[in-house]
Amino acid sequence: MAIGLRDQVNGVRVGVRYAVAEHAGPVGGDWYLSTPLPGGDVMLAVGDVMGHGRAAAATMLRLRAAMTRLALAGDEPGTILAALNRMLCRRSATTLATAVCGRFRPADHSLTWSRAGHLPILRATAAGVTALDQPAGMALGVDPAARYATARVVVDPGDLLLMYTDGVVERRDRAIDQGVQGLADDVRVAMRGSAPGERLRTALDCARRDNPDDDACLLAAEPV
């Protein structure tokens, strides 16, 4: 997968790996955000529109744009996901998507986040790699009345957060939980063998893409 490293965003270093399904052409349905917000916060997000090709990409662009607009307006993650859900539910054709988004506040090192049927955020620290507790929230596009709970965690400098789509961890011959554990194991090795300033890049380098038939997106972020 291609790797793209960005400069610090409001005190958060962000790196991304992104790849489109090999059979789907140049466009895909996965997306990510690392958007600086008024007041100094940062919106971090990853999403996955079901399907491939131009139709999935068009829906992805609409969801990504709406998420950006709502985040810049000051909406919290649960409110943002509820709005995206209603937007998809209004479409005549059935379209489903999953997403996870979080507002990181450098002032107190807190991440407030919500999920819509998405895989858990991984947190890598000196003690190991664990999945954050998952707040309740169904996939987007199922029920227009769905609500999205929020959770909060403190992320210290030196910790690494990972958001990702199922193309990073899913494989036909194993359960997806095993894929998530495999990603955690890869990142754990990277954290142990890297200097503090190189952990993010090394974690992205070490993370394997298990399913070339699906779009894949991996976002890593660390407070600095």
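Select Glu76 and Arg105: their side chains meet in a salt bridge, 2.9 Å from N to O. A salt bridge here is a side-chain nitrogen of Lys or Arg within 4 Å of a carboxyl oxygen of Asp or Glu. Glu76 sits in the loop between helix H1 (53-72) and helix H2 (77-89) and Arg105 in strand S5 (residues 97-105), so the pair ties together parts 29 residues apart in sequence. Helices (H or I, at least four residues) and strands (E, at least two) are DSSP runs, numbered from the N terminus. Glu76 is partly exposed at 28% relative accessible area, and Arg105 is partly exposed at 23%. Buried means under 20% relative accessible area, exposed over 50%, and partly exposed in between (1.4 Å probe, protein chains only).

The model is predicted: local features need pLDDT of at least 70, side-chain atom pairs count only at pLDDT 80 or more, and totals for chains, interfaces and linings use all residues. Residues are numbered from 1 along each chain as its sequence is written, and side-chain values use heavy atoms, leaving out hydrogens and water.

Next, select Arg123 and Asp159, whose closest N and O atoms are 2.9 Å apart in a salt bridge. Arg123 belongs to strand S7 (residues 122-125), while Asp159 is in the loop between strand S9 (151-154) and strand S10 (160-164). Both Arg123 and Asp159 are buried.

Finish with Arg13 and Glu222, a salt bridge of 2.6 Å, N to O. Arg13 lies in strand S2 (residues 12-19) and Glu222 in strand S11 (residues 216-223), so this pair links parts 209 residues apart in sequence. Glu222 is buried at 3% relative accessibility, whereas Arg13 is partly exposed at 25%.
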